[in-house]
Each structure stands twice: as C-alpha cells, then as structure tokens.
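Visitor: Hi there, I have a new model open and would like a quick tour. Could you walk me through it?

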Amino acid sequence: MKLSLSTLLRWLLSFGIALAFQDDLLKKCSQSGFCHRNRQYAKNIQESRNSHYSLDQGSLEFDTNNHTIQGFIIKSIKANQKDIKIPLPFTLDLFDGDKVRFRLDEHRSIKLGKAGINLQRYNETEHWAFDPDYIPIRQEVIAKSPTFWNKKDFTFTADRFTVTLSSQDFQINVKYDSADVLTVNSDNMLNFEHYRTLEENFENINEEEEPFNMFKDSFADSKSDSIPLGPESVALDFKFHGISNLYGIAEHADSLRLRDTSNIDPYRLYNVDVFQYKLNSTLPMYGSIPFVVGIKESLSIGLFWMNPSDTWIDIQYGHSDSSTHWMSESGIIDFIVIVQETPKLVTESYVNITGKPMLPLLSSVGYHQCRWNYNDEKDVLTVDSLMDKWQIPYDFLWLDLEYTDQKQYFTWKPDAFPNPTRMLSKLAFLGRNLVTLIDPHIKSNYHISEAIIAAKVYVRNALNKPFFGQCWPGESIWIDTFNPLASKLWSKFVQTFISTPSNLYIWNDMNEPSIFDGPETTAPKDLLHYNGFEERSVHNLYGLTVHQATYDSFVDMNPNKRPFVLTRSFFSGSQRTAATWTGDNVANWEYLQLSIPMVLSHNIVGMPATGADIAGFFGNPDDELLIRWYQAGIWYPFFRAHAHIDTRRREPFLLNERTRSVVTEFIRLRYQLLPTLYTAFHDSHSRGIPIMNPMIYEHPNVANFYDIDDQFYLGEQGILVKPVTSANTKSIPITFPSGVFYDLQNLEIAHFGTLETKTVSAPLEKLPAYIAGGHIITRKDQYRRSSRLMQNDPYTLVIAPTAYGTAKGRLYVDDGETFAYKQGKLLEVELEYNKNVIYGTVLHKDTSSFFNDISIEKIVIAHHPDGKVAETCTLELDDIRTNIEVIHEDHSHVIKNPGIQIGQDWKIIL
Ligand code: NOJ
C-alpha cells in the first residue's frame with residue numbers, strides 16, 4: 001500500500017497524536033489540470049478578445065408546448081490551418097415565474113467504453129439534487145415581435161423576464177422588469193473541453209488554451225489517475241449587474257460575504273476530509289452547495305451551478321458589478337438563475353427546486369451529547385444519569401466509531417454493549433435517543449462486505465474490479481449507493497441493525513468519501529460508479545447518496561416516523577433528509593468565531609440543520625471558551641457537543657461549579673425556547689427561511705449589514721444575537737437596526753432609535769441577545785429532563801412591542817415525531833398585540849390533537865417606550881369576560897394563569 005501524507009496524518013491521529021491538516025494534501029488551482037487551464041484561458045481570452053463560441057441560428061427551435069428553446073452552440077477551433085466546428089446542443093427554459101435554466105451538453109455517439117466506463121457526460125444531477133415532488137411550472141414565452149429573429153440576437157419575454165441570446169459572441173442576457181440583472185458569458189470565459197483523444201489533442205485547441213495536464217495528473221498523490229476521457233472540463237462566467245455582494249457556495253471556513261479571489265486561489269467545491277481545517281480560506285471542505293446569492297437593494301439573484309464534479313469558483317468584485325467564473329472538471333453545463341426581490345425569496349425559490357429542509361424530530365432540536373467515545377453501556381447510562389443529577393436537559397446521546405466490533409459497522413462490540421436493546425430502552429424511558437456512527441467504508445472480509453461483493457454493488461476501480469482502500473477498519477470497500485440495488489441492500493443492513501427500538505438513529509461520517517490512502521484524502525477520480533460514471537463526474541454527490549439511502553431505510557421500515565440522520569458530506573438536496581455539522585474544528589477562539597459565518601452560510605444555501613462541534617473537536621477548551629461556545633452554540637440549529645478521543649472529558653456535569661451553572665443555564669435557555677425554535681424550523685421547512693439568519697437577509701436594504709456576520713437573528717422570530725467569540729471580553733459592539741430592542745433575559749430596553757452600533761456589556765455570564773420590538777415569542781419555562789417530558793407543559797408568551805405598541809408572532813406545534821403533520825395534524829396560532837389588546841387566533845387546528853389543550857401560564861409584555869398598562873385586564877374567551885390582575889415588574893407587565901388553552905381563540909384587553 002502507498003503511504004501518502006494523508007494516511008500518515010490519519011494514523012497518527014488514530015493513535016491520539018493530533019496533527020494539523022496540511023494544506024499541501026490538497027491541490028492548488030495551479031496544480032489542478034482543469035483549474036489551471038481554465039484560469040489561464042480566461043486570462044488569455046480577455047486579452048485576445050477572440051470568441052470561439054457562437055449560436056447556430058439555423059438550429060434554433062422554439063418548442064411552444066414545453067416553452068423550451070433549443071439549438072446548438074458552435075465551438076470553433078482554428079488550429080494547424082484547420083477550422084473545426086463542434087456542435088454543442090443546448091436547451092433554455094423559463095419557469096416558475098422567477099427562473100431561467102440553461103443546459104449545454106455534447107453529443108458522444110457511443111455510450112460505453114473500455115472497462116465499463118460511461119462515455120456520456122454525467123447529466124443525472126437533478127435526480128439527486130431536485131425534490132422528487134418538484135414540478136416546474138412552465139411559463140408562457142413570447143418571442144419578441146415583430147422580429148422573432150434579427151440578424152444577431154434572439155429575444156423573448158416571459159412575465160417579468162426578457163432574455164436575449166446573442167449569437168456572434170455567444171451570450172445570454174437576462175433582464176428583469178427591463179433592467180439588466182445578469183449576463184452569461186459576459187467575459188467570454190465559456191470553455192467546453194470537447195471529447196478528443198491524446199493523438200488528436202494538439203490539433204484540437206485554440207491559441208488561448210494551454211495543454212496543461214490534459215491527459216495526466218502531475219500532482220504527487222494523484223499521478224496514477226488514468227484520465228481515460230482526457231480533458232472534459234466546462235467553464236462559464238456570469239456577471240451580476242449592480243451587485244457587489246455575493247454569498248453562499250458552502251462549505252468554506254470563511255466569512256459570510258465571499259471574498260474577491262483575483263489574487264488568491266478560487267473557492268473550491270470538492271468534498272474532502274479536512275480535519276483541523278484551515279480558517280479564512282477558500283479551500284474545499286466536507287460538503288458542496290454550488291449556489292451563490294447576489295444581494296442588492298430591492299433585487300437578489302441566485303445562481304445554481306448544477307454540477308457535482310470538482311469545481312472552482314473565482315469571484316471578482318468590479319466597480320458596481322461582480323463576476324463569477326465557474327470551472328468544473330467534467331459533466332454538462334446546467335445552471336438555473338433565480339431573480340427575486342429579496343434574498344429570502346431567492347433561498348425559498350432554491351429550496352422549492354432542491355427540496356424543503358426536513359422538519360426534524362422535535363427532540364433533535366434539543367441538546368446532543370457526543371464524544372469519541374462513550375465506551376460501554378455503563379458509561380452511556382452514567383452520562384445519562386449524571387445529566388439528570390445536575391438537572392441538565394438533553395435529548396440525544398451519541399456513540400462514535402468504537403462501539404462497533406472491530407470497526408465493522410452494523411455490529412456492536414460484544415463485551416462493551418452486550419444488550420443494546422436494554423440500553424436503548426433505558427434511554428427511551430425518559431424520551432431519549434441514541435445515535436450510532438455508520439460509515440460507507442466497509443471492512444474487508446466480514447458478512448456485510450461479503451454481501452456487498454456478492455451483490456456487485458461496490459465502488460469499482462478503473463479496471464472495473466472492486467476498489468480497496470484504507471479507512472478506520474484498515475482495508476475496506478465502499479458501497480456504491482448510486483446504484484438502487486445498493487440502497488436496497490443498505491436498507492436491509494440498517495433495518496436489521498435498528499430492528500425494533502425506535503430511539504436509535506444513524507450518523508453517516510467520512511462519506512466524502514474519506515480514504516486515508518487516496519489522493520487529497522478522498523477517492524481516486526478514475527473509480528467507477530453505477531452506470532459506468534467516473535468518480536470524477538459524480539464525486540460531490542456521493543455523500544448525499546449515502547445519507548439518502550440511510551434515510552430511506554428508516555422511512556421504508558416505519559413510514560410514519562421522522563428519521564434522524566447526520567451526514568458529514570452533503571450536496572444540494574441534502575437538506576431534505578439530513579443534518580450536518582462543520583466537521584473537525586479545534587477548541588480555540590478563532591474556530592468559535594468562524595463557526596458563526598459558516599453556519600449562516602449553510603443556512604442561506606438551504607442546508608439549515610447545521611452546527612459546529614461544541615466546544616471544539618480537537619484540544620481542551622478552558623472554562624471561558626467553553627462557556628462562550630455554549631452561549632453561541634445554543635443558536636446553532638444543530639446543537640451538539642462533541643470531542644476527539646484524545647481530549648479530556650468535558651460533559652457539562654464535570655465542569656467546575658461556576659462553569660457548570662452557566663453552561664446549564666444556557667442549555668436550559670435552549671429548551672425554554674424550543675417552541676420558538678421549532679416554529680423557526682417549520683418556517684425553514686415550509687419557506688426555506690434560514691434558522692440562523694444573517695442580518696442582511698432581514699435587512700437587504702441596509703448597506704451596513706452586507707459585511708456583518710458575527711451577529712444574526714433566530715429565523716424570523718425577532719431574536720437578535722451577538723455571541724462573544726473572544727477571550728477576556730467584558731463588553732462588545734453590536735449593530736442594532738432601527739427600532740426598539742429589549743434584552744432577551746430581563747426585557748430592559750437596550751436600544752430605541754435608528755440604526756446604531758453600540759457597545760453592550762457582556763461579562764462571562766451574559767450573552768448579548770435581544771428581542772426586536774414587533775415580535776411575540778413563545779417559551780416553555782419549566783425544567784424537564786428531555787423535550788419529550790415537556791410535551792404537555794404550559795406556554796409563556798413574551799410580547800416585545802414596537803414604539804407604536806404593536807407586535808406579532810406565530811406558533812407552530814405538532815406531535816414532533818411523525819409525518820402526521822402532512823395530514824394536517826398540527827396547530828398554528830397567530831398572536832397579535834395591538835394598542836393594548838392581545839389576540840390569540842387559531843389559523844389551523846386538528847381537533848383530535850392533544851397539544852390543543854396545553855395552557856398558557858404566563859403572558860409577559862415588555863414595557864415599551866410609549867406604553868401604559870392598567871392594574872387589571874379583561875379576557876374575552878368563548879363569549880365570557882373575566883377580569884385578571886396585571887402584575888407590574890421592572891421592565892414588563894405580567895399576566896399569570898389567564899386560563900387559556902393554546903388551541904383557542906381569545907382576546908385580552910389591557
Ligand atoms: C471524523 C468525524 O469528523 C469526527 O466527528 C468523528 O469523531 C471521527 N471521524 C471518528 O469517528
């Protein structure tokens with residue numbers, strides 16, 4: 001076996017010797033054949049001002065039934081006195097009122113080549129990335145009269161769009177309400193490396209192209225890449241007019257607003273295992289979502305580049321425009337442009353295509369306690385009972401790698417876990433759950449790998465034989481979950497493993513896939529998958545196919561129960577079935593700080609169920625860092641503490657008294673806010689609203705917020721948070737938008753006026769968090785050991801009025817566990833406060849559900865700048881009027897036990 005640097009680092013790691021990830025494990029753009037070629041081409045073509053792509057006007061067809069425009073783009077090559085023309089078929093569609101989709105492919109006459117390799121360009125991304133239920137609504141497209149044609153351009157309109165295809169230098173110009181919003185191939189960087197053989201290669205390039213590494217790879221760890229199909233990259237540039245702020249393309253350990261990459265390497269999307277990853281960098285990470293959002297006042301644009309191969313993106317901010325240059329190693333050009341008035345609507349539109357983020361188990365919104373590893377049943381049950389002893393709520397306990405029998409997934413280490421069912425039912429007694437790690441690398445020579453080999457559903461090497469590589473168990477094979485038969489087999493394994501207990505869930509780790517002796521920590525690009533597609537073409541989708549297969553296994557077994565699956569690797573569409581996290585971070589302030597823009601970034605690209613390991617995976621956090629990390633972490637949609645095998649134990653009950661009490665207080669705050677959080681999850685599920693929500697998403701017209709990524713909102717709930725992410729901090733600056741803001745804990749007014757950056761006090765026990773005037777949030781205040789035990793607990797309503805004495809809120813409730821909400825078994829309540837009258841109005845109710853009868857125990861109204869409230873108020877409920885006392889406190893008025901159930905319509909007059 002070849003011993004690569006990555007293998008060595010990993011092995012040292014498994015012996016407890018943690019070394020930092022080495023950048024030189026990964027290619028720089030200049031070392032990646034296609035990235036270098038395309039960057040160079042872009043530079044040269046801008047200098048030469050040539051254009052080698054034009055529209056074949058004679059080929060254009062306008063399919064009026066489908067409202068699709070199709071035809072050919074001609075690539076011309078002038079080399080060695082020859083003039084070669086390569087026709088590339090394209091389609092262009094307008095749909096849903098806000099989207100334009102363009103696809104460009106290549107005709108390759110034969111399908112299968114040597115050793116079962118598929119010669120076609122991979123064009124099945126949408127099969128994985130799109131919501132299976134998504135049906136585009138075709139728009140009526142009108143060719144612009146009087147000239148359907150003119151000599152150069154072909155223009156047509158649909159609703160608010162005007163799209164022009166210009167023919168000589170191929171470009172697509174998109175106008176929205178007659179204003180230019182986006183130009184495709186504006187800088188002539190379109191490059192489509194058509195199929196050619198080594199022998200004919202040199203006759204087949206234009207003068208701006210550089211033949212660097214077209215048929216070989218000179219990077220040390222991937223020299224053995226056979227590159228059987230030669231160069232086949234695709235690249236294109238997009239100019240965003242009037243936009244100088246771009247966001248998205250998760251996952252990167254970088255600021256929320258993307259950086260200009262003119263003088264650095266492009267952002268790269270390539271799913272790799274980057275333990276202890278580098279911060280403030282454009283390096284690739286575990287997941288890839290090729291979706292960028294451009295924001296300006298009153299208009300936002302989304303661009304979804306639907307290509308799962310290794311992809312690099314250059315960003316350039318101009319004077320008032322910005323350009324993005326997308327370069328993918330193989331596959332087709334397939335992109336969707338979305339134009340909307342606000343960034344939130346762009347994200348919503350994107351999740352309409354790729355699928356709504358799943359509505360999670362309510363319990364999974366609670367606290368997750370994980371470490372590598374809890375060693376045996378006794379250890380598990382001790383952690384469980386100590387959490388209770390110290391009155392720290394939690395919902396999920398996790399078992400990492402070591403619970404298995406010799407790293408053979410779907411088995412339990414027999415001495416340590418002699419009776420998993422017994423252990424699971426003890427956890428279930430208090431409504432708790434267990435997650436076990438199951439990775440897609442399967443140790444050689446045991447019944448699971450043997451079954452995979454017998455069914456021929458393994459990932460194959462370039463010779464069409466089973467691929468063997470190194471991972472945790474030593475020599476392993478990888479299941480090829482692109483293959484429907486593999487998913488079926490996986491289902492069998494999963495279902496046998498989870499059998500009856502309903503509180504056992506699965507974590508798919510290392511599914512980039514991570515391969516210790518593979519190039520760039522992952523799979524050789526010439527491996528083969530289902531239907532003969534190369535790893536090269538489908539790489540960034542593999543993780544999704546694995547967690548999707550896991551999710552389907554659960555649903556297949558228990559169709560009405562929501563599964564919980566955590567995946568490390570993801571692609572567009574992963575949000576439908578899995579949560580994720582930011583991987584192997586480090587217990588230091590810089591990682592805490594960067595976790596916020598990283599999670600925000602995941603949220604705007606439709607993958608909201610994300611968190612960072614609290615309080616850093618590698619290393620031992622001191623008490624101050626631990627406290628600050630929990631204060632920030634309670635706002636991550638996925639709230640999990642996790643630690644490397646080599647770290648000291650740090651479960652909250654082990655901390656010294658002061659640290660434990662502050663950490664406990666904040667975990668409890670998360671639980672108090674579960675009704676509000678779950679409503680935010682529902683908004684994300686129904687409309688794609690980010691759960692950890694960037695300032696610029698709520699205030700797209702306020703330029704001050706374009707760069708702010710260290711404070712955020714919780715969904716649309718009006719809670720504004722600025723976590724402390726630096727040591728020895730007593731106070732921090734926060735930028736308040738205009739309005740009234742009340743301290744979340746004591747409701748004191750913290751800000752009243754126009755937009756302003758203020759310094760607020762933030763001693764160690766204090767988390768700067770506020771409720772914006774105009775919102776009503778809901779809480780459940782009683783401490784319970786788990787979310788299940790809070791099920792019937794009463795609600796507290798907290799009203800934060802504007803200066804005009806108005807506020808609104810919404811509460812979403814369902815059983816938190818099943819898919820019954822899809823049949824309407826849910827409760828939706830609108831809450832309103834208007835000039836001293838409070839209204840509770842049921843928007844939707846299923847009369848048979850238990851949660852309708854839960855009472856409201858308290859209504860708290862913050863003192864607003866202009867408000868006066870009397871000593872008593874009047875409740876109107878079922879035509880009966882009752883007087884109730886109002887208690888006046890320092891910063892609020894409180895109504896206790898008004899005798900209202902959450903599923904009723906009511907009114908209180910103050
Ligand atoms: C890598 C994961 O990122 C980490 O969270 C996990 O603890 C280890 N694999 C061991 O399974």
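Guide: Happy to, and keep in mind that this is a predicted model. Let's begin with helix α5 (residues 377-389) and helix α6 (residues 420-428), whose axes come within 11 Å and cross at roughly 5°. That angle makes α5 roughly parallel to α6.

Visitor: Which residues make the contact there?

Guide: On the α5 side they are Glu377, Val380, Leu381 and Asp384, and α6 brings Arg422, Met423, Lys426 and Leu427.

Visitor: And how many nonpolar, polar and charged residues does the contact of α5 with α6 have?

Guide: There are 4 nonpolar and 4 charged residues, with no polar ones.

Visitor: Nice. What about α8 and α10, how do their axes cross?

Guide: Helix α8 (residues 484-498) and helix α10 (residues 542-557) have axes that come within 8 Å and cross at roughly 60°. Angles from 65 to 115 degrees would count as roughly perpendicular and those under 35 as roughly parallel, so α8 and α10 are oblique to each other.

Visitor: Is the crossing of α8 and α10 left-handed or right-handed?

Guide: Right-handed, as α8 passes α10. The residues in contact on α8 are Ser487, Trp490, Ser491, Val494, Gln495 and Ile498. From α10 come Val546, Ala549, Thr550, Asp552, Ser553, Phe554, Asp556 and Met557.

Visitor: What's the split by class for that one?

Guide: The contact of α8 with α10 has 7 nonpolar, 5 polar and 2 charged residues.

Visitor: One more helix pair, please. How do α13 and α14 sit?

Guide: The axes of helix α13 (residues 657-672) and helix α14 (residues 674-687) come within 5 Å, crossing at roughly 60°. That makes this pair oblique as well. The contact involves Arg670, Tyr671 and Gln672 of α13, together with Leu674, Pro675 and Leu677 of α14. By class, the contact of α13 with α14 has 4 nonpolar residues, 1 polar and 1 charged.

Visitor: Switching topic: how many disulfides does the structure hold?

Guide: It holds 1 disulfide. Cys29 and Cys35 form it, with their sulfur atoms 2.1 Å apart. The link is left-handed, with -100° about the S-S bond.

Visitor: Are those two cysteines buried or exposed?

Guide: Buried. Cys29 has a relative accessible area of 2%, and Cys35 is at 0%.

Visitor: Okay, now some single residues. Where is Leu182?

Guide: Leu182 is in strand β9 (residues 179-184). This leucine is buried, at 0% relative accessible area.

Visitor: What does Leu182 touch?

Guide: Setting aside residues up to four places away in sequence, Leu182 touches Ile172, Asn173, Val174, Phe238, Lys239, Phe240, His241, Ile301 and Val337. Take Lys239 from that list: Lys239 is 57 residues from Leu182 along the chain, and their C-alpha atoms are separated by 5.5 Å.

Visitor: And Gln40, is that buried or exposed?

Guide: Gln40 is buried, with a relative accessible area of 19%; the cut-off for buried is under 20%. Gln40 lies in helix α2 (residues 33-48). Beyond residues up to four places away in sequence, Gln40 touches Glu208 and Glu210.

Visitor: How far is Gln40 from Ile689?

Guide: Their C-alpha atoms are separated by 39 Å, and the two residues are 649 apart along the chain.

Visitor: Last one: where does Asp793 sit?

Guide: Asp793 is in the loop between β38 (775-779) and β39 (795-800). At 5% relative accessibility, Asp793 counts as buried.

Visitor: Which residues is Asp793 in contact with?

Guide: Leaving out its neighbours within four places in sequence, Asp793 is in contact with Lys780, Gln782, Arg784 and Ile854.

Visitor: Great, thanks for the tour!

Methods
Residues are numbered from 1 along each chain as its sequence is written. This is a predicted model: local features need pLDDT of at least 70, side-chain atom pairs count only at pLDDT 80 or more; totals for chains, interfaces and linings use all residues. Side-chain values use heavy atoms; hydrogens and water are left out. A disulfide is a pair of cysteine sulfur atoms within 2.5 Å. Buried means under 20% relative accessible area, exposed over 50%, partly exposed in between (1.4 Å probe, protein chains only). Axes are lines fitted to C-alpha atoms, for helices over the stretch in contact, and angles run from 0 to 180 degrees between N-to-C directions. Helices (H or I, at least four residues) and strands (E, at least two) are DSSP runs, numbered from the N terminus. Angles under 35 degrees count as roughly parallel, over 145 as roughly antiparallel, 65 to 115 as roughly perpendicular and the rest as oblique. A crossing is left-handed if the near helix is turned anticlockwise from the far one by less than a right angle, and right-handed if clockwise. Contact means heavy atoms within 4.5 Å. Ala, Val, Leu, Ile, Met, Phe, Trp, Tyr, Cys and Pro count as nonpolar, Asp, Glu, Lys and Arg as charged, and the others, Gly among them, as polar.
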